[in-house]
Amino acid sequence: MPAPKKTARRSLLVTTAVLSSLALASPAAVAAPKPSGSPSASPSATPPASMSTVGGARLGRPGTQVNLASGVPVLPKDLSARSWIVSDAETGDVLAAHNAHWRLAPASTLKMLFADTLLPKFPSTTQHKVLPSDLAGIGSGSSMVGIKEDETYTVHDLWLGVFLRSGNDAVHVLSAMNKGVENTVKEMNAHAEELQALDTHVVSPDGYDAEGQVSSAYDLTLIARSGLQKKDFREYASTVSAKFPGETTKDKKGKTVRKPFEIQNTNRLLTGDADVPVYQGIAGVKNGNTTNAGATFTGVAERNGKVLLVTVMNPSKDEHNEVYKETARLFDWGFKAAGKVQPVGELVPPRSAAQGADRPGSNPSGEAGGSGDGGKAGTGSKPVASASTADGYSGIGTALGITGGVLVLLAAGAFLINRRWPLPDLVRRRTRSGDDG
């Protein structure tokens, strides 16, 4: 059941910030060696005794890693996920983690890497007529947005299908535009290496279960943090509902018509459900669920000026929306613990940033796709970042607003490459009722 329509609105335009200047008790980040052969898509019930130490030595240890001390709240006791991580999106501090580098099947959270890799390639207004070959090879039982052969869609439409409905059909069409699935997989793996997401191995660009396809809670958080530097990524990830082009038909008078239909985001912390309320300050990013992966989710939320990222992978508790419930509890803990708990590690920068080079795929405006509108929502869509609060708005609404009605606006989305990578530059302003933002 979707959340009721709200008159408040929510937006989070978030950039990553300086690497923690706190003295962490971890050595320089080093990658765990790649395992021999293809990594398993169905790992054992227990984490490896030794995992990657990217981000700090403690993150490579199995079990829960947290520095509890006087004044630090106790972690939730009812967490059943195989792996999870709570981090500060701005400073890069990892506040707590559980099997952070365990290589697990990611499901559709892998679409964050797909988007971060391909968003800079095509202007949002680019049109593409779908060929039958574009939709070949989609896995049985895949989530679909409803793309039809021989119909024309804009890139903007396709990204709405990816982010809101987790449409594997939209992923395959965009991959076809990018010289095919094989090339797209190759580029995604290269981009993962660039981000130092070294637990990640892509086989299918849509996250559909495939032998050898893995990621980790740590890597998915790195990937989300990178994607959130792009304005259009943020807008798509925070969109609650949108209009999607339907199939071309003829009406009773024989006139050609193409009526749109509404699609809603499947992120239940963003839209709400019968047993899950909209999470205060939530602004994305991506959920997933497959047979091998179970339920997976990476979310970003802001409260009182603090921006957190939480990733949860494969809760064992078999309850409806359990991945969102555990994510919400970890967010609650993180907002209480922020500023009180000593970090157990850090989110590392991309390799090119660490080396002082320009990061590929970013531009000074923070926009992706090379379009002048920065991938802004087109006709029929309502991203949370710019949704009208007028009573006449026909979309699903935008649920809770950020505390005090404050919006966090990105002043410059490019990675600023310097010794304290990347320098944050956030500007705040208060919204006015009915303001389109």
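Are Phe114 and Trp159 buried or exposed? Both of them are buried, where buried means under 20% relative accessible area, exposed means over 50%, and partly exposed is in between (1.4 Å probe, protein chains only).

Before you zoom in, a word on the model: it is predicted, so local features need pLDDT of at least 70 and side-chain atom pairs count only at pLDDT 80 or more, while totals for chains, interfaces and linings use all residues. Residues are numbered from 1 along each chain as its sequence is written, and side-chain values use heavy atoms, with hydrogens and water left out.

**Figure 1. The whole chain.** Here you have nine helices and 16 strands; helices (H or I, at least four residues) and strands (E, at least two) are DSSP runs, numbered from the N terminus. Of the 437 residues in the chain, 58% are buried. Take the contacts (heavy atoms within 4.5 Å) with a separation of 6 or more: residues 24 or more positions apart account for 72% of them.

Figure 2. The whole structure holds nine aromatic pairs. Rings of Phe, Tyr and Trp (its six-membered ring) pair if their centres lie within 6.5 Å; planes under 30 degrees apart are called stacked, over 60 edge-to-face, and the rest tilted. Phe114 and Trp159 make a tilted pair, with 5.4 Å from centre to centre and 50 degrees between the planes. This pair ties together distant parts of the chain, since Phe114 belongs to helix H1 (residues 111-118) and Trp159 to helix H2 (residues 155-165), 45 residues apart. Phe331 and Phe335 are a stacked pair, at 6.0 Å centre to centre and 15 degrees between the planes. Both sit in helix H8 (residues 322-337), four residues apart, or about one turn of the helix. Phe331 counts as buried because its relative accessibility is 0%, and Phe335 is buried too, at 16%.

**Figure 3. A charge over a ring.** Look for Arg258: its charged end sits over the ring of Tyr153, 4.8 Å from the ring's centre. To count, NZ of Lys or CZ of Arg has to be within 6 Å of the ring centre and within 35 degrees of the ring normal.

**Figure 4. Helix H1 meets helix H5.** The axes of H1 and H5 (residues 217-227) come within 9 Å and cross at roughly 35 degrees. Axes are lines fitted to C-alpha atoms, for helices over the stretch in contact, and angles run from 0 to 180 degrees between N-to-C directions. The crossing is left-handed: the near helix is turned anticlockwise from the far one by less than a right angle, whereas clockwise would be right-handed. On the H1 side, Met112, Leu113 and Asp116 touch Leu220, Ile223, Ala224, Ser226 and Gly227 of H5. Sorted by class, this contact has five nonpolar, two polar and one charged residues. (Ala, Val, Leu, Ile, Met, Phe, Trp, Tyr, Cys and Pro count as nonpolar, Asp, Glu, Lys and Arg as charged, and the others, Gly among them, as polar.) H1 is mostly covered, with eight of its eight residues buried.

Figure 5. In the loop between H3 and H4 you'll find Lys179, whose phi is near 70 degrees, a positive value in a residue other than glycine. Lys179 is exposed because its relative accessible area is 77%.

Figure 6. Leu95 is part of strand E3 (residues 93-98) and is buried, with a relative accessible area of 4%. Leu95 and Pro343 are 248 residues apart in sequence, yet their C-alpha atoms are 4.7 Å apart. Leaving aside neighbours within four places in sequence, the contacts of Leu95 include Val66, Val86, Leu308 and Trp333.

**Figure 7. A cis peptide bond.** Gly284 and Val285 are joined by a cis peptide bond, with omega about 10 degrees. Val285 has its place in strand E10 (residues 282-290).
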